[in-house]
Amino acid sequence: MTQSFSGKTAVVTGAALGIGRETALLLGARGARVIVSDINEDAGAAAVATIEAAGGTAHFIRCDIGDEAQIQALVEQAVTLGGRLDVMVNNAGIGGKPAPLHEVSNEQWDLIIRIDLTAVFWGQKYATLAMLADGKGGSIVNVASIAGLGAAPTLGPYGPAKAGVIQLSQTGAVEVARAGIRINAVCPGWTDTAIIDNMGPDARTKLLRGIPLGRMGQPAEIAELIAFLASDAASFITGVAYQIDGGIKSV
Ligand SMILES: NC(=O)c1ccc[n+]([C@@H]2O[C@H](COP(=O)([O-])OP(=O)(O)OC[C@H]3O[C@@H](n4cnc5c(N)ncnc54)[C@H](O)[C@@H]3O)[C@@H](O)[C@H]2O)c1
């Protein structure tokens, strides 16, 4: 079994920065044609340049995952560029303003649910349809969070959205398993990216106290798990939500 992606086409959403960027770089280094997708065009282009400088093949496609038509077009363009879609990593997501659930406005609820859950549904749906169309299977990895595994106080709609991503992955996996399509979720704990910076100046220090391994995850460490699950090395794994969190048992 191999972790090579030679001859395969992989889409990564939110691939300009953070976990998505490291995933795109790793898939590129392992031979995939990588579709780097994001709303941040400059950082997306930089990720493509980094993959190409390392000898890989990559394209940037602008896609706001909050718009269903853009996700559908992203998958269609990936199929055109690569001949088929082998891997879809639904990674892009946002954290939102910290607040207990009873203080969350409908606008904040709608935004987070749309970006962190509904968009993953669209990404999984159009990737599945593309993979079913040519009958050769594929692998979908959805980026959830440990916040989706239990209580996630003050993270507002983020926990409910990520719990939905886990359910979406498990249900879809059973529905399309016989078509050779695997769907898994990854549940990172606190990882050193811009999402943490956006939680405020004291967030890092507070969060570190609760991590048994005593440090945050690095985006490249999360990328290793995503790439493994996307690869043929994980050929008997589907419908699973993997924790990668430095030992945290709750948020
Ligand atoms: N960092 C953590 O501690 C952590 C923990 C658990 C789960 N996650 C999840 O990991 C994923 C990646 O997060 P990250 O930490 O790398 O964040 P990040 O902010 O570093 O990167 C997110 C990327 O998504 C892009 N993006 C945001 N909104 C978008 C949209 N509407 N359409 C397309 N792209 C969009 C951003 O431009 C950015 O490039 C998210 O789903 C996040 O919820 C992160």
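Q: How do the residues lining the largest cavity divide by class?
A: The lining of the largest cavity has five nonpolar, three polar and no charged residues. Here Ala, Val, Leu, Ile, Met, Phe, Trp, Tyr, Cys and Pro count as nonpolar, Asp, Glu, Lys and Arg as charged, and the others, Gly among them, as polar. This is a predicted model, in which local features need pLDDT of at least 70, side-chain atom pairs count only at pLDDT 80 or more, and totals for chains, interfaces and linings use all residues. Residues are numbered from 1 along each chain as its sequence is written, and side-chain values use heavy atoms, with hydrogens and water left out.

Q: Which residues line the largest cavity?
A: They are Thr13, Ile65, Ile71, Asn90, Ala92, Ala119, Val120 and Gly123. On a 1 Å grid over the protein atoms alone, a cavity is a set of points where a 1.4 Å probe fits but cannot get out, a pocket is an open set with protein on both sides within 12 Å along at least five of seven lines, and lining residues have an atom within 4 Å of a point.

Q: Which helix gives the largest share of that lining?
A: Helix α4 (residues 106-134) does, with three residues; helices (H or I, at least four residues) and strands (E, at least two) are DSSP runs, numbered from the N terminus.

Q: And what volume does the largest cavity have?
A: About 40 Å³, where a volume is the space filled by probe spheres set on the grid points, joined across faces, edges and corners.

Q: Now the pockets: what is the volume of the largest pocket?
A: The largest pocket has a volume of about 990 Å³. Of its 41 lining residues, those closest to its centre are Ala92, Gly93, Ile94, Gly95 and Ile195.

Q: What takes up the space of the largest pocket?
A: The space taken by the ligand is the largest pocket; a molecule sits in a pocket if more than half of its atoms lie within 2 Å of its grid points.

Q: Which element supplies the largest share of the shell around the ligand?
A: α6 does, with three residues.
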